Amino acid sequence: MLTKFFKLLLTTINANGQSVESKRKCQYNWLRENNVDIAFFQETHSTKDTEKIWDKQWSGKFMAFSHG
């Protein structure tokens, strides 16, 4: 039997202040520098309008939102 192992790095962030561009960029840079695979952001207070901006700034593989 062959068993494969892999490392998956998850993190959760209370992103109060996500609407401030400098804070958001700092969070995104931290995620990249630490090779985080999946990040969960809470309290982002996001909207459909901010979704497009944040997704473009992230430039990662995938971003999903749950507004409200």
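**Note on the predicted model**

1. E43 is partly exposed, its relative accessible area being 47%. This residue sits in the loop between β2 and α2. The model is a predicted one, and in it E43 adopts a positive phi of about 55° although it is not a glycine. Most residues other than glycine have a negative phi.

2. H45 belongs to the loop between β2 and α2. Its phi is positive, about 55°, and H45 is not a glycine either. With a relative accessible area of 64%, H45 is exposed. A further positive phi, near 50°, is found at N35, the residue that follows α1.

3. S46 is likewise placed in the loop between β2 and α2. Is S46 buried or exposed? Its relative accessibility is 11%, and the cut-off for a buried residue is under 20%, so S46 counts as buried. Leaving aside residues up to four places away in sequence, S46 touches W54, F65 and H67.

4. The overall organisation of the protein chain may be stated briefly. Its secondary structure amounts to two helices and two strands, arranged along the sequence in the pattern β-α-β-α. The radius of gyration is 14 Å, well over the 11 Å that the globule rule gives for 68 residues; the chain is therefore more spread out than a compact globule. Along the principal axes, the C-alpha trace spans about 50 × 25 × 20 Å.

5. Of its 68 residues, 21% count as buried. Among contacts with a separation of 6 or more, 61% are accounted for by residues 24 or more positions apart. The accessible surface comes to about 5800 Å², and carbon and sulfur atoms contribute 56% of this surface.

6. Which residues make up the largest nonpolar core? The seven are I13, A15, Y28, L31, V36, W54 and W58. Both α1 (21–33) and α2 (48–58) supply at least two residues each to this core. W58, one of its members, touches Y28, L31, R32 and M63 when residues up to four places away in sequence are not counted.

7. Helix α1 has 13 residues and reaches 18 Å from its first C-alpha to its last, close to the expected 18 Å at 1.5 Å a residue. Its buried residues fall within an arc of 95° when seen down the helix axis, and so they line one face of α1. R24, Q27, Y28 and L31 are buried in this helix, whereas S22, C26 and E33 are exposed on the other side. The buried residues of α1 pack against β1, β2 (38–42) and α2.

8. L10 is found in strand β1, which covers residues 10–14. The relative accessible area of L10 is 47%, and L10 is partly exposed. How far apart are the C-alpha atoms of L10 and H67? They are separated by 21 Å, the two residues being 57 residues apart along the chain.

Key. Residues are numbered from 1 along each chain as its sequence is written. This is a predicted model: local features need pLDDT of at least 70, side-chain atom pairs count only at pLDDT 80 or more; totals for chains, interfaces and linings use all residues. Side-chain values use heavy atoms; hydrogens and water are left out. Helices (H or I, at least four residues) and strands (E, at least two) are DSSP runs, numbered from the N terminus. Buried means under 20% relative accessible area, exposed over 50%, partly exposed in between (1.4 Å probe, protein chains only). A nonpolar core is a set of buried Ala, Val, Leu, Ile, Met, Phe, Trp, Tyr and Cys residues joined through side-chain atoms within 4.5 Å. Contact means heavy atoms within 4.5 Å. The expected span of a helix is 1.5 Å times one less than its number of residues. The arc is that of the directions from the helix axis to the C-beta atoms. The radius of gyration is taken over C-alpha atoms; the globule rule is 2.2 Å times the number of residues to the power 0.38. Accessible areas come from the Shrake-Rupley method with a 1.4 Å probe; for residues, only the protein chains shown count as cover.
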